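Biologist: I would like a close look at one part of this model. Please take me through its salt bridges.

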Amino acid sequence: MKNKAVSVTYGGNRGPGPLSAIHVKAAAGNPRRGWLTAGHLTIPVALGRGGILANKREGDGGTPRGCFRPRQLWWRGDRHSRPQTFLPARTIGETDAWCEDPGDRHYNTWIRRGQGEGGDRLKRADHLYDFIIEIDHNTRPRIAGRGSAVFLHLARDNFGPTAGCVSMTKAAMLQLLRRIGPRTRIIIG
């Protein structure tokens, strides 16, 4: 009996399963820009203002070198319909934020914040966080000061550097989301 190709359906996605790995590398001559390779897809990306760093620290502007896994997609449901992805997905609400305070017991985790309270707000006026792929950088174990809120998200219009994340155009993000799953390795560096 011949083997048949099987189409996987997960999270509203049809077609081939998620990629086993994606690679992010700095561009030659510009450590603040780079390339993300996902199968046959090559995407230009903006990196942290400090380039890719092996010893990531809070506030250094570096994109951490290493191998990570995507945890989930956060997206602005008030601006966009749910994209196709193999990742668990969650809409961003008014009180959603990320703790960036190394002295807080919730450091580098999702938190709820009221008006005037600190934290990196996930619901922003600009479009940078319309789609966020949360990755498992500095999560097990979480070490105070080793970096927080490192995401894959949308790029600025001028493709300016990030504070340590990997950013890309919306079209590229939507293409990537269709191919990434919880077991996809994100290899940076």
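Is Asp104 buried, partly exposed or exposed?

Modeller: Keep in mind that this is a predicted model. Asp104 has a relative accessible area of 23%. Buried means under 20% and exposed means over 50%, so Asp104 counts as partly exposed. Its side chain meets that of Arg113 in a salt bridge, with 3.9 Å from N to O. The cut-off for such a pair is 4 Å, so this one falls within the rule.

Now go to Arg79 and Asp130. Their side chains form a salt bridge at 2.6 Å, N to O. Arg79 sits in the loop between β9 and β10, and Asp130 in the loop between β13 and β14, so the pair ties together parts that are 51 residues apart in sequence. Arg79 is partly exposed, at 29% relative accessibility. Asp130 is buried, at 1%.

Next comes Arg71 with Glu134. The closest N and O atoms of this salt bridge are 3.7 Å apart. Arg71 belongs to strand β9 and Glu134 to strand β14, so the bridge joins parts that lie 63 residues apart in sequence. Arg71 is partly exposed, with 35% relative accessibility. Glu134 has 6% and counts as buried.

Some salt bridges also link up. Arg76, Asp78, Glu94 and Lys123 are connected in a network of them.

Technical notes:
Residues are numbered from 1 along each chain as its sequence is written. This is a predicted model: local features need pLDDT of at least 70, side-chain atom pairs count only at pLDDT 80 or more; totals for chains, interfaces and linings use all residues. Side-chain values use heavy atoms; hydrogens and water are left out. Helices (H or I, at least four residues) and strands (E, at least two) are DSSP runs, numbered from the N terminus. Buried means under 20% relative accessible area, exposed over 50%, partly exposed in between (1.4 Å probe, protein chains only).
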